[in-house]
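The sequence and the coordinates are shown first.

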Amino acid sequence: LVSEFREKQMLMQDKQRDLQMLMDGPDWPREDWTLSTDDAKDVGEAERIIQANMQQMNQRIEPLGGLGRLHESEDREALELIAVLTEMISCYCDLIDK
């Protein structure tokens with residue numbers, strides 16, 4: 001579960017970096033830009049929700065030894081939080097791919 005979370009987290013960072021590179025490129029703004037204003041708002045809101053939940057998760061797992069030791073803790077709520085965050089990140093990546 002933790003490795004899947006880390007994999008999705010890296011995928012999200014890659015998607016954000018790709019999006020930023022596109023926006024920083026010489027052709028910005030482009031007429032064929034696929035995201036609408038509403039999409040941009042949705043992306044921003046998704047990032048805000050993910051960050052808030054990551055902060056909550058970090059506060060919960062830090063006393064347990066962080067992600068590296070989470071599997072030893074038997075803290076079901078923390079594991080469920082990781083699973084939810086993994087799904088949120090996956091949906092975020094799908095939104096960016098849209």
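## Fold

Along the sequence, the chain runs α-α-α-α. It has four helices and zero strands. The model is predicted.

The chain has 98 residues, of which 30% count as buried. Among contacts with a separation of 6 or more, 75% are between residues 24 or more positions apart. The accessible surface comes to about 6800 Å², and carbon and sulfur atoms account for 48% of that surface.

## Salt bridges

The structure holds six salt bridges. One of them joins R17 to D14, with the closest N and O atoms 2.6 Å apart. Both residues belong to helix α1 and are three residues apart, which is about one turn of the helix. R17 has a relative accessible area of 46% and is partly exposed; D14, at 36%, is also partly exposed.

D97 forms a salt bridge with K15, again with 2.6 Å between the closest N and O atoms. This pair links distant parts of the chain, since D97 is in helix α4 and K15 is in helix α1, 82 residues apart. Is K15 buried or exposed? K15 counts as buried because its relative accessibility is 17%, and the cut-off for buried is under 20%.

E72 is partly exposed at 47% relative accessibility, and R69 is partly exposed at 48%. R60, D75 and E77 are linked in a network of salt bridges.

## Negative patch

Which residues gather in a patch of negative charge on the surface? They are E4, E7, E87 and D94. Helices α1 (2-24) and α4 (76-97) each supply at least two residues of this patch. D94 is found in helix α4 and has a relative accessible area of 49%, so it counts as partly exposed. Residues qualify for a patch only with over 30% relative accessible area and no salt bridge.

Leaving aside neighbours within four places in sequence, T86 is in contact with E4, F5 and K8. Of these contacts, E4 is one of the residues in the negative patch.

Key. Residues numbered from 1 in each chain as written. Predicted model: local features only at pLDDT ≥ 70, side-chain atom pairs only at ≥ 80, totals over all residues. Heavy atoms only, no water. Patch = residues over 30% accessible without salt bridge, like charges linked within 9 Å, V, L, I, M, F, W, Y side chains within 5 Å. Areas by Shrake-Rupley, 256 points an atom, 1.4 Å probe, with all protein chains shown as cover. Salt bridge = Lys/Arg side-chain N within 4 Å of Asp/Glu carboxyl O. Lys, Arg positive; Asp, Glu negative; His and termini not counted. Charge placed at Lys NZ, Arg CZ, Asp CG, Glu CD. Buried < 20%, exposed > 50% of the residue type's maximum accessible area, 1.4 Å probe, protein only. Contact = heavy atoms within 4.5 Å.
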